[in-house]
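Visitor: Hi, I'm new to this one. Could you walk me through it?

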Amino acid sequence: MSAPLLDVSGLAAGYGDLTVLAEVDLQVRAGEIVALIGSNGAGKSTLLRALSGLVSPTAGGIRLDGADVRAAASRDLVGLGLVHVPEGRRLFASLSIADNLRLGAYARRDGRAAIARDVARMYELFPRLAERRRQDASTLSGGEQQMCAIARGLMARPRLLMIDELSLGLAPNVVEDLVETLRRVNGEGLSLLLVEQDVVTALELSSRAYVLDQGRIVLHGASVDLARDPSVRKAYLGDLTGAAA
Ligand SMILES: Nc1ncnc2c1ncn2[C@@H]1O[C@H](COP(=O)(O)OP(=O)(O)OP(=O)(O)O)[C@@H](O)[C@H]1O
Ligand SMILES: [Mg+2]
């Protein structure tokens, strides 16, 4: 069997003396949608930061397509196709949507024409961005900001896109549209690692999921199985087991 696209083994990371993650094992295979769930402070964002070179791991390995990338710099990881849409979206507030999208392509070497084609493709994927292309990112609604952040991530031509808090603060119809768009790009071959507070959405969208608790993976498996797992239902789905019985 071929190597997973992303292979994380025994990963530890934290901030200064604070160890947040320990012994994290996680894989994403090419073409998969994988969800990472866990309560506030579990270390989900820290894990995405460690994978994208923003936090240095203190132990363990990170392999991308079999190559050791644990020590790689953030910029190089983007060039290798590992792209992170951070919590809070982090757009360039005083720049237009169009400029934010072009900046997403900063690590690419394939020239202006290809980048322009991909910007046009983003407007096709996210029509609301097309209508507002000259508008400053600071003036966008929360949903539009998330579309812009995802589109900016896609402009890097990722092989694996990691999205932190996909649906946070967004209306259900906006989340539905985003989910639809992510299914579409996944259907075209993009792998996804999603951190998501809304566990129902996370488990519906993904084929496999990992549960992180206090910096450790405590459960992982097929999303359909996790959705039925009593401990997941109790901890993350408001204990619906009694109601369903
Ligand atoms: N820059 C930082 N410096 C020090 N500690 C941090 C830093 N960022 C996060 N932490 C700590 O690391 C732990 C994990 O935080 P992290 O943000 O990874 O959790 P999370 O699972 O993403 O939570 P949430 O669901 O609230 O986003 C927390 O105890 C947090 O206080
Ligand atoms: Mg977080």
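Visitor: Which residue in strand 5 is the bridge partner of Leu64?

Guide: The bridge partner of Leu64 is Ala67. Before going on: this is a predicted model, where local features need pLDDT of at least 70 and side-chain atom pairs count only at pLDDT 80 or more, while totals for chains, interfaces and linings use all residues. Residues are numbered from 1 along each chain as its sequence is written, chains are lettered from A and ligands numbered from 1 in the order in which they are written, and side-chain values use heavy atoms, leaving out hydrogens and water.

Visitor: OK, and what order do the strands of the open sheet come in?

Guide: The order is 2-1-4-5, with antiparallel pairing. Strands are DSSP E runs of at least two residues, helices H or I runs of at least four, numbered from the N terminus, and two strands pair if DSSP finds at least two bridges between them.

Visitor: Which strands stand at the edges?

Guide: Strand 2 (18-28) and strand 5 (67-68); each has a single partner strand, so one side of each is left without a neighbour in the sheet.

Visitor: New topic: which protein donors does the magnesium ion have?

Guide: Ser45 (OG) and Glu87 (OE), 2.0 to 2.6 Å from ligand 2. Donors are N, O and S atoms within 2.8 Å of the metal (3.2 Å for Na, K and Ca); water is not among the atoms, so sites may look incomplete.

Visitor: How many residues apart are those two?

Guide: Ser45, in helix 1, and Glu87, in the loop between strand 6 (82-85) and helix 3 (97-103), are 42 residues apart.
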